[in-house]
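Visitor: I would like to go through this structure with you. Could we begin at the surface and then turn to the charged pairs?

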Amino acid sequence: MATLTSFMPREHGATAMLLIPFFSAAALARDWRWAELVTLLAAFSIFTAKDPLIVLARRRWIWRQSRPESDTARTWVVGEALILAACGIALATSWPPWTLAAAGTGAIAFSALAVFVNVKNLQRSTLFQIVSAVALSATALAACLSATGAIQPWCWQLWTLNSLQAIAGILVVHARLEARIAARKNLSSEIHRRPALIACVVLLCAAAATALTGERWIAAALLLAGIGYLYDLHRQKDSASLQMPLKSIGLQALALSIAYALMVIAGLW
């Protein structure tokens with residue numbers, strides 16, 4: 001029988017995309033307010049509500065009968081809803097009403113999209129993965145708003161930089177998964193590499209552009225990410241590399257993301 005802990009996030013890469021931008025913005029804000037903790041709790045609650053919502057959606061439109069995990073999912077969703085309601089009430093005292101409404105609307109819309117895509121088994125869609133990267137990286141905006149009372153100009157750049165890196169990371173992982181499938185079936189995986197290659201080129205072009213403007217740390221961060229992901233795409237051509245445990249690949253990607261984030265923080269400081 002499913003337990004409450006079964007709905008704790010298992011997507012470590014997505015969790016990192018949620019948390020790294022938040023803590024980057026919190027560091028750059030150079031201030032601490034209680035609203036930051038409430039915002040973090042709200043963001044994490046929205047994130048962890050996705051899987052139980054998917055279970056309930058499948059129960060309603062696919063299974064059409066109760067399963068053990070359905071009751072657990074319902075309990076989980078009710079608990080998350082109560083937490084979010086409490087967070088919303090607390091943030092209403094520090095956030096402008098329109099920003100709170102916009103954030104709530106965006107969170108609901110993205111959650112609904114994520115549930116729909118998963119129920120339809122379209123979660124590997126490139127477009128959905130790009131939207132996910134941008135949405136998860138938006139925690140930087142929420143952290144900045146909570147810490148400073150407004151979304152500062154540097155935070156828009158932080159969001160963009162985190163989104164670019166997250167998109168590339170997702171597409172490279174997607175390419176690896178497709179390469180593993182293609183290797184088992186003796187098929188070509190080149191078509192699945194193209195989005196990741198394009199993302200790497202975008203990172204390298206952005207690195208060149210920021211270098212010309214004198215933003216050396218940011219240029220270095222973009223260069224690091226671009227080269228790092230290109231290297232991963234290169235080694236995906238090796239059958240031995242494709243057999244590496246996904247956990248090891250995930251840890252390497254996390255290390256790259258953290259290094260990138262630290263360099264971006266240095267560049268925006």
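Visitor: Which residues form a nonpolar patch on the surface?
Guide: This is a predicted model. In it, the nonpolar surface patch consists of Leu113, Phe116, Leu122, Leu127 and Val131, which together have about 450 Å² of accessible area.

Visitor: Which elements give two or more residues to that patch?
Guide: They are α5 (97–119) and α6 (126–137). Leu113 is placed in helix α5, and its relative accessible area of 33% makes Leu113 partly exposed.

Visitor: Staying with helix α6, is Ser137 buried or exposed?
Guide: Ser137, which lies in helix α6, is buried at 1% relative accessibility. Leaving aside residues up to four places away in sequence, Ser137 touches Met17, Pro21, Trp159, Asn162, Ser163 and Ala166.

Visitor: On to charges. How many salt bridges are there?
Guide: The structure holds five salt bridges. One of them joins Asp232 to Arg176, with the closest N and O atoms 2.7 Å apart. Asp232 belongs to helix α10 and Arg176 to helix α8 (residues 153–185), so this pair ties together parts that are 56 residues apart in sequence.

Visitor: And what else does Asp232 form a salt bridge with?
Guide: Asp232 also pairs with Arg235, at 2.8 Å between the closest N and O atoms. These two residues are three apart in helix α10, which means a separation of about one helical turn.

Visitor: Is Asp232 buried or exposed?
Guide: Asp232 is buried, with a relative accessible area of 9%. Arg235 is buried as well, at 16%, and Arg176 is also buried.

Visitor: What about Arg74: which residue does it form a salt bridge with?
Guide: Arg74 pairs with Asp71, their closest N and O atoms being 3.0 Å apart. Both sit in helix α4 (residues 68–91), about one helical turn from each other. Arg74 is partly exposed at 40%, and Asp71 is partly exposed at 44%.

Visitor: Changing topic, how many disulfides does the structure hold?
Guide: The structure holds zero disulfides.

Visitor: Last point: where is confidence lowest and highest among the helices?
Guide: The lowest mean pLDDT is 84, in helix α11 (residues 239–242), and the highest is 96, in helix α10 (residues 216–235). The chain averages 90, and 97% of the residues score at least 70. Over residues 1–5, however, pLDDT stays under 50.

Definitions and conventions: Residues are numbered from 1 along each chain as its sequence is written. This is a predicted model: local features need pLDDT of at least 70, side-chain atom pairs count only at pLDDT 80 or more; totals for chains, interfaces and linings use all residues. Side-chain values use heavy atoms; hydrogens and water are left out. A disulfide is a pair of cysteine sulfur atoms within 2.5 Å. Patches are made of residues with over 30% relative accessible area and no salt bridge: like charges are joined within 9 Å, nonpolar side chains (Val, Leu, Ile, Met, Phe, Trp, Tyr) within 5 Å. Accessible areas come from the Shrake-Rupley method with a 1.4 Å probe; for residues, only the protein chains shown count as cover. A salt bridge is a side-chain nitrogen of Lys or Arg within 4 Å of a carboxyl oxygen of Asp or Glu. Helices (H or I, at least four residues) and strands (E, at least two) are DSSP runs, numbered from the N terminus. Buried means under 20% relative accessible area, exposed over 50%, partly exposed in between (1.4 Å probe, protein chains only). pLDDT is the predictor's confidence in each residue, from 0 to 100. Contact means heavy atoms within 4.5 Å.
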